[in-house]
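The exercises below are meant to be worked with the sequence and the coordinates side by side. Try each task before reading the solution that follows.

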Amino acid sequence: MNRVYDGFRNASTDIEKYLFLRALQDRNETLFYALLSRHIEEMTPIIYTPTVGKACQEFSHRYQKARGLYITEDKRR
């Protein structure tokens with residue numbers, strides 16, 4: 001886990017850190033959540049506001065595998 005954390009820390013911008021974590025989540029979701037839980041205060045601004053806002057603005061330039069939650073019409077309240 002230390003090597004992965006070093007990789008995160010070596011990313012030079014918040015967007016690069018965000019992309020690093022997204023790639024890690026796609027490769028090894030268990031490791032992603034273990035790393036996140038150890039460094040929650042440091043990583044929350046990367047995986048949430050404000051970095052996600054910037055990532056959304058640049059989405060068409062930095063497309064990665066789509067992730068999301070899908071709710072069917074019959075499950076809406």
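**Exercise 1.** Does Glu 42 count as buried, partly exposed or exposed, and at what relative accessibility?

Solution. This is a predicted model, in which local features need pLDDT of at least 70 and side-chain atom pairs count only at pLDDT 80 or more, while totals for chains, interfaces and linings use all residues. Residues are numbered from 1 along each chain as its sequence is written, and side-chain values use heavy atoms, with hydrogens and water left out. For the classes, buried means under 20% relative accessible area, exposed over 50%, and partly exposed in between (1.4 Å probe, protein chains only). Glu 42 has a relative accessibility of 28%, so Glu 42 counts as partly exposed.

**Exercise 2.** Find the residue that meets Glu 42 in a salt bridge, and state which helices the pair ties together.

Solution. Begin with the criterion: a salt bridge is a side-chain nitrogen of Lys or Arg within 4 Å of a carboxyl oxygen of Asp or Glu. The structure holds one such bridge, and it joins the side chains of Glu 42 and Arg 9 at 3.4 Å, N to O. Because Glu 42 lies in helix H4 and Arg 9 in helix H1, the pair ties together parts that are 33 residues apart in sequence. Arg 9 is partly exposed, with a relative accessible area of 47%. Next, list the contacts (heavy atoms within 4.5 Å): leaving out residues up to four places away in sequence, Glu 42 touches Tyr 5, Phe 8 and Arg 9.

**Exercise 3.** Decide which side chain of opposite charge is nearest to Lys 17, and how far away it is.

Solution. Locate Lys 17 first, in helix H2 (residues 14-27). For charges, Lys and Arg count as positive and Asp and Glu as negative, whereas His and the chain ends are not counted. Beyond its neighbours within four places in sequence, Lys 17 is in contact with Phe 8, Arg 9, Ala 11 and Ile 46.

**Exercise 4.** Which residues of helix H3 are buried, and where do they lie around the axis?

Solution. In H3 (residues 29-38), the buried residues are Phe 32, Leu 35 and Leu 36. They cover an arc of only 100° around the axis, which puts them on the same side of H3; the arc is that of the directions from the helix axis to the C-beta atoms. Thr 30, Ser 37 and Arg 38 are exposed on the other side of H3. The cover over the buried residues of H3 includes H1, H2 and helix H4 (40-47). As a further check in space, Arg 22, a residue of helix H2, is buried at a relative accessible area of 16%, and the C-alpha atoms of Arg 22 and Phe 32 are 8.5 Å apart, although 10 residues separate the two in sequence.

**Exercise 5.** In which helix is confidence lowest, and in which is it highest?

Solution. Helices (H or I, at least four residues) and strands (E, at least two) are DSSP runs, numbered from the N terminus, and the protein has five helices and zero strands. The protein averages 83, and 75% of the residues score at least 70. Confidence is lowest in helix H5 (residues 51-57), at a mean of 70, and highest in helix H1 (residues 2-10), at 97. Where pLDDT is low, the predicted coordinates should not be read in detail.

Note on methods:
pLDDT = per-residue confidence, 0-100.
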